[in-house]
Amino acid sequence: MNTFLPDTAVLLQRSLRHILRSPDTIITTAVTPIAMLLLFVYVFGSAIHAGSGRYVDYLLPGILLITVASGIAYTAFRLHTDVSGGIFERFRSMPIARSAVLWGHVLTSLVANLISLALVVLVAVGMGFRSHAGVLAWLAVLGILVLFTLALTWLAIIPGLTAKSVDGVSGFSYPLLFLPFISSAFVPTAGMPGPVRWFAEHQPVTPIVDTLRNLYADRPVGNTGWIALGWCAGLLLLAYALAVSTYRRRFA
Amino acid sequence: MTTTAAIEIAGLTKSYGDHAVLRGVDLNVAPGTIVALLGSNGAGKTTVVKILSTLLEPDGGSAAVNGHDVAVAPARVRESISLTGQFTAVDEILTGRENLVLVARLRHVQDPRGIAEDLLTQFGLGDAAGRRVATYSGGMRRRLDVAMSLIGHPPVLFLDEPTTGLDPQSRMEVWDTVRRLAGQGTTVLLTTQYLDEAEQLADRIAILHEGRIIAEGTIAELRQLFPPPTVEYVEKQPALEDIFLAIVGHAGTETQRTGS
């Protein structure tokens, strides 16, 4: 008798209720990316040459990744709260599918991040973002964002399980917030000096951002799409394996 | 005895690094009895409870709960037990009722809402049922915590220092609950550092010291082993409690319940 699905559903409902009772976590998640969107479009935008289109169209994909990177800090925080209180032990001493305890948090993270992403996209639309992409392209955008969110979420599970304090929990996401700056998210990589350009073009943010941009601009995605997909899937597998082994090691 | 024991521990060892916490613990607990595991801080009481509730793997020896070996059939053990840990394991953001329904649904019992209502009444939490647990007093939290552990009627209950940090009234409420459960046939293994708690509740007392059970028996049996001064100390605490309760009176109980 495998109770994984019903148990995960119950635990998902529990954490979603947490979010519902503190919607500020979703709003805070969206505030930083929205502020960046405003800052870069209305302040720096006029000085940035990023192709012929509107800068907000160019900028949005990178902002979406930053939204996810700041959203998963709350995932780690929620898990940390369960682990440092007694409720995590209670769940683990009960006859429930043990992996459901983590999956409840992972799916909650996915839902919360998708809501934050929707908020950011709405603001971008208000700032003039337009897309001519069809349903399939938007489904592809959604698919990549879901994969990316799951990859970062499993990564966030690790500090959620191991951190000794709340500060330690949130600290891990800062480098993730910084990565988009050294990529094609804000400006094209072509103008960067050698080593920086090399790094920018070989880290995951650039292909993911380029792919998202091409998808909703209705341009062919080409090889970059596969590279983006590879990064997302690879990161997801790696983060999942690390998180599960951390869980086993710490709570054997 | 060996086939009917609710809890059977033999030669249990556990170390954290170089530090040997358990050095060969042997203990049998008969079904339907309350056994207190008595020991000072760091004696390894919590380690024993964690091993028995499958949260921790022992280094050596064996432990079985309700006939299921913790190493071989941890899932069967989890079906047989409930753990009330040292720190109250309640969801602060949910209401008392939601906490109970949550556990009832995870235990896959019929009618989670009905069970939640019954327990809320039974534990005097009916008025606070719709309030977030974050607003509860320490005693209310502990009562909710214990109530959550009773869902699904597990035959064996582990209570790890259930009254640490509670005021005398809340403490006695927990004691009443434990007595009632044992009356219904639940086996209770209770850890405590309070001598009077062990004396008040337990059918048998096991003293854990430096990783071993150094004495085990009924209170009468143990009394014969110990020099009189220790006994006198045991006798004193309830007396102070009587004085406290007499001074505070019934009004104190009411204040506590409504939460301040």
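**Exercise 1.** In what order do the 6 strands of the open sheet of chain B stand, and which pairing do they show?

*Solution.* The structure is a predicted model. Step 1: the open sheet of chain B has the strand order β6-β7-β8-β3-β9-β10, and its pairing is mixed. Step 2: β6 (81-84) and β10 (212-217) of chain B are the edge strands; each has a single partner strand, so one side of each lacks a neighbour in the sheet. Step 3: from one strand to the next, the twist averages 15°.

**Exercise 2.** Describe how β7 and β8 of chain B are joined, and identify the helices that pack on the sheet.

*Solution.* Step 1: strands of a sheet pair through backbone hydrogen bonds, either parallel or antiparallel. Step 2: β7 (residues 156-160) and β8 (residues 187-192) of chain B run parallel and are joined by 5 bridges. Step 3: Asp160(B) has Thr191(B) in β8(B) as its bridge partner. Step 4: helix α1 (residues 45-52) of chain B packs on the sheet and touches β3, β7, β8 and β9 of chain B. Step 5: helix α5 (residues 138-150) of chain B also packs on the sheet, where it touches β6 and β7 of chain B; its direction makes about 170° with that of β6(B).

**Exercise 3.** Classify the crossing of α3 and α10 of chain A, and state which kinds of residue form the contact.

*Solution.* Step 1: the axes of α3 (residues 55-84) and α10 (residues 205-216) of chain A come within 9 Å and cross at roughly 130°. Step 2: α3(A) is therefore oblique to α10(A). Step 3: the crossing is right-handed. Step 4: the contact residues include Tyr58(A) and Leu65(A) of α3(A), and Ile208(A) and Arg213(A) of α10(A). Step 5: the contact comprises 8 nonpolar residues, 1 polar and 1 charged.

How values were computed:
Residues are numbered from 1 along each chain as its sequence is written. Chains are lettered from A and ligands numbered from 1 in the order in which they are written. This is a predicted model: local features need pLDDT of at least 70, side-chain atom pairs count only at pLDDT 80 or more; totals for chains, interfaces and linings use all residues. Axes are lines fitted to C-alpha atoms, for helices over the stretch in contact, and angles run from 0 to 180 degrees between N-to-C directions. Helices (H or I, at least four residues) and strands (E, at least two) are DSSP runs, numbered from the N terminus. Angles under 35 degrees count as roughly parallel, over 145 as roughly antiparallel, 65 to 115 as roughly perpendicular and the rest as oblique. A crossing is left-handed if the near helix is turned anticlockwise from the far one by less than a right angle, and right-handed if clockwise. Two residues are in contact if their C-beta atoms, placed from the backbone, lie within 7 Å. Ala, Val, Leu, Ile, Met, Phe, Trp, Tyr, Cys and Pro count as nonpolar, Asp, Glu, Lys and Arg as charged, and the others, Gly among them, as polar. Two strands pair if DSSP finds at least two bridges between them.
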